[in-house]
Amino acid sequence: PAVLPLLSWPEPDVRRVAVEATRFLGCELGPHLKDVVGMLGDPDRRVRAAAVKTLPNLLPFGLDALAECQAEVHDTLLAHSDSEIRLSTLEAIRMFGLNAKAYLPAVKELLTHSDPAVRRGALEALKAIE
C-alpha cells in the first residue's frame, strides 16, 4: 500500500495521518501490521496516539501478524525508557483485549514499575486481557 512509506516520513503530522489512513486498508494491511505496531514507539505523542486508536480496528485483518510482533512489543516498546511509549503500548494492548493474551507475562512485569502511571496502565491492560 502506498501509505506505508509515509510511516517513516520526517514530519510527525505526515506520520500521524499515515497511521490514521492505515485503518482503511483492511486486509491489505495484514502483512504490514508490524509497521503500524512500530508506530507505538514514535517519538511524537500524537503519532503514538493515532497508532493506539488505529490498531484495534486492524486486528481482524492481522491477528497472525500481531503474534509476530510480540518480541518487538516486549523487547522494544514495553521495555522502552520513555514511560509515555510504555503507556501507549499498554493502551493498545488493553484495546486488543482477549487477543493480547500472549502479552500477559510482559504486562504483569510492569505492575511493579517505578512509575505509577505505568503500573496503572498495566493493571488496566490486565483487566482487559483476563
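Before I go on, the housekeeping. This is a predicted model, where local features need pLDDT of at least 70 and side-chain atom pairs count only at pLDDT 80 or more, while totals for chains, interfaces and linings use all residues. Residues are numbered from 1 along each chain as its sequence is written, and side-chain values use heavy atoms, with hydrogens and water left out. When I say helix, I mean a DSSP run of H or I with at least four residues, numbered from the N terminus.

Back to that pair. Two packed helices are described by the angle between their axes and the distance between the axes. Helix 5 covers residues 83–96, helix 7 covers 116–129, and their axes come within 8 Å, crossing at roughly 15°. Those axes are lines fitted to C-alpha atoms over the stretch in contact, with angles running from 0 to 180 degrees between N-to-C directions. So helix 5 is roughly parallel to helix 7, since under 35 degrees counts as roughly parallel and over 145 as roughly antiparallel, with 65 to 115 roughly perpendicular and the rest oblique.

Who makes the contact, meaning heavy atoms within 4.5 Å? From helix 5 you have Ser83, Arg86, Leu87, Leu90, Ile93 and Arg94, and helix 7 brings Ala117, Val118, Gly121, Ala122, Glu124, Ala125, Ala128 and Ile129. By class that's nine nonpolar, two polar and three charged residues. Here Ala, Val, Leu, Ile, Met, Phe, Trp, Tyr, Cys and Pro count as nonpolar, Asp, Glu, Lys and Arg as charged, and the others, Gly among them, as polar.

Now the other neighbour of helix 5. The axes of helix 4 and helix 5 come within 9 Å and cross at roughly 150°, which makes helix 4 roughly antiparallel to helix 5. On the helix 4 side, Val73, Leu77 and Leu78 meet Ile85, Arg86, Thr89, Leu90 and Ile93 of helix 5. The class count there is six nonpolar, one polar and one charged.

Which residues of helix 4 are buried? In helix 4, residues 70–78, they are Val73, Leu77 and Leu78; buried means under 20% relative accessible area, exposed over 50%, and partly exposed in between, using a 1.4 Å probe and protein chains only. Looking down the axis, these residues fall within an arc of 75°, so they line one face of the helix. The arc is that of the directions from the helix axis to the C-beta atoms. They pack against helix 2 (33–38), helix 5 and helix 6 (104–109).

Let's zoom in on some single residues. Threonine 89 sits in helix 5 and counts as buried, at 1% relative accessibility. Leaving out residues up to four places away in sequence, threonine 89 touches Leu40, Val73, Leu77 and Leu78. Serine 88, also placed in helix 5, is buried at 12%.

Last one: leucine 110, in the loop between helix 6 and helix 7. Leucine 110 is buried at 7% relative accessibility. Leucine 110 and alanine 122 are 12 residues apart in sequence, yet their C-alpha atoms are 5.9 Å apart.

Note on methods:
Helices (H or I, at least four residues) and strands (E, at least two) are DSSP runs, numbered from the N terminus. Contact means heavy atoms within 4.5 Å.
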